[in-house]
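I opened my notebook to record what I looked up in this structure.

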Amino acid sequence: MSTAHIRVSGRAVEIKRAEKELFPDDGITKADLADHYRRVGPRILPHLRGRPLMLERHPDGIDDGRFMQKDTPDYFPDWIHRWKLPKADGTVTYPVCDDLATLLYLAGQACVTPHRWLSKADRPDHPDRLVFDLDPSGEDFETVRQAAAALHEVLDELGLPAALMTTGSRGLHVLVPLDRRATFDTVRAFARDVAELLADRHPERLTTAARKQARKGRLYLDVQRNGYGQTAVTPYAVRALPGAPVATPLSWSELDDPDLTPQRWTLATIDERLEGEDPWKQELRRGRSVEAARRRLEKL
């Protein structure tokens, strides 16, 4: 198979086996994946820079297994940034994607989906993002819409701006920008209390019960990603699913769109989104204080 050579960010990036089909049923090749990440570069890189990554790699295509990679392989080029961070029994040297050349190199390594930390590597225990993960218990996406709308109302009451995105998989993420002052433990405790308030307001539809048997068909308000070393899918990342759906930022007005689904946009259709203004242009601009929001929450 051929090797594609791309010059970007002042570097020559090789995409080996460029014609390898990563999505066999859709005919989507490694070259197509790299082309996608090149096109979305201006939108995705602000969500990647400075953050440790977990790479979801599918070297033989999405039908033949995957592996999740945290430690940076020795053969990665020296110009790819790395950050060594502690774990329970040692350290991990994470890759960090700070430029387009790195993003395309990762695509060339069959990294279909980059998953990013909610904190940056220079202050790894102080997140600048809080995320609520809203996945349906079955295929009931309408409950996800309702949960997102109700959560948006609560966050408004708390003075917290929020951004909405499809995950490209089964549900939606709601993200809140933070000022990096609180630790992960503090942020997760706050998120859990927000979820408890929301579940108390809508007990017939929403729950914070971690055990599936206790949920009784209700949507689980998942805040577990708000922890040290946890990751979330990056906006504009491709998911390793048939059709190559793309995790896509939304405006809140789109929540009521009858055509909205978690896999509404794909590698083949994402261009229509890129032609318009970034729906997150304002939402994530300034991080907010968890402490101030906590005081408002206690009054509720």
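**Entry 1: the model.** I noted at the start that this is a predicted model.

**Entry 2: helix α4.** I looked up helix α4, which covers residues 141–157 and has 17 residues. From its first C-alpha to its last I read 25 Å, close to the 24 Å expected at 1.5 Å a residue. Next I asked which residues of α4 are buried. Among them are Phe141, Val144, Arg145, Leu151, His152 and Leu155. I noted that Arg145 and His152 are on that list along with Ala147, Ala148 and Ala150. I then looked for what the buried residues of α4 pack against. The partners include the strands β10 (129–135), β11 (163–166) and β12 (172–177). Helix α5 (184–201) is a partner as well, and so are β13 (206–207) and β14 (219–222). Just after α4 I found Gly159, which takes a positive phi of about 70 degrees.

**Entry 3: aromatic pairs.** The count of aromatic pairs comes to 5. One of them is formed by Tyr75 and Phe76, with 5.5 Å centre to centre and 65 degrees between the planes, and it is edge-to-face. Are Tyr75 and Phe76 buried or exposed? Tyr75 has 51% relative accessibility, so Tyr75 counts as exposed. Phe76 has 2% relative accessibility and therefore counts as buried. Phe76 also pairs with Tyr105: the ring centres are 5.2 Å apart and the planes stand at 80 degrees, so this pair is edge-to-face. The pair of Phe76 and Tyr105 links distant parts of the chain, 29 residues apart. Phe76 is in the loop between β6 (67–69) and β7 (81–87), while Tyr105 is in helix α3 (residues 100–108). Tyr105 counts as buried because its relative accessibility is 11%, and the cut-off for buried is under 20%.

**Entry 4: charges over rings.** I looked up where the charged end of Arg215 sits. It is over the ring of Tyr220, 4.1 Å from the ring's centre. I also wrote down Arg273, which lies over the face of Trp265 at 4.2 Å from the ring centre.

**Entry 5: an open sheet.** I found 4 strands that form an open sheet in the order β6-β5-β9-β15, with antiparallel pairing. β6 and β15 (231–233) stand at the edges with a single partner strand each, so one side of each has no neighbour in the sheet. Neighbouring strands of this sheet are turned by 30 degrees against each other on average, direction ignored. I reminded myself that strands of a sheet pair through backbone hydrogen bonds. Strand β5 (residues 53–57) pairs with β6 over 3 bridges, in the antiparallel sense. Opposite Glu56 I found Met68 in β6.

**Entry 6: Thr93.** Leaving out residues up to four places away in sequence, Thr93 touches Lys70, Asp71, Thr72, Arg82, Trp83 and Lys84. The C-alpha atoms of Thr93 and Leu53 are separated by 9.9 Å, and these two residues are 40 residues apart along the chain.

Definitions and conventions. Residues are numbered from 1 along each chain as its sequence is written. This is a predicted model: local features need pLDDT of at least 70, side-chain atom pairs count only at pLDDT 80 or more; totals for chains, interfaces and linings use all residues. Side-chain values use heavy atoms; hydrogens and water are left out. Helices (H or I, at least four residues) and strands (E, at least two) are DSSP runs, numbered from the N terminus. The expected span of a helix is 1.5 Å times one less than its number of residues. Buried means under 20% relative accessible area, exposed over 50%, partly exposed in between (1.4 Å probe, protein chains only). Contact means heavy atoms within 4.5 Å. Rings of Phe, Tyr and Trp (its six-membered ring) pair if their centres lie within 6.5 Å; planes under 30 degrees apart count as stacked, over 60 as edge-to-face and the rest as tilted. A charge sits over a ring if NZ of Lys or CZ of Arg is within 6 Å of the ring centre and within 35 degrees of the ring normal. Two strands pair if DSSP finds at least two bridges between them. Axes are lines fitted to C-alpha atoms, for helices over the stretch in contact, and angles run from 0 to 180 degrees between N-to-C directions.
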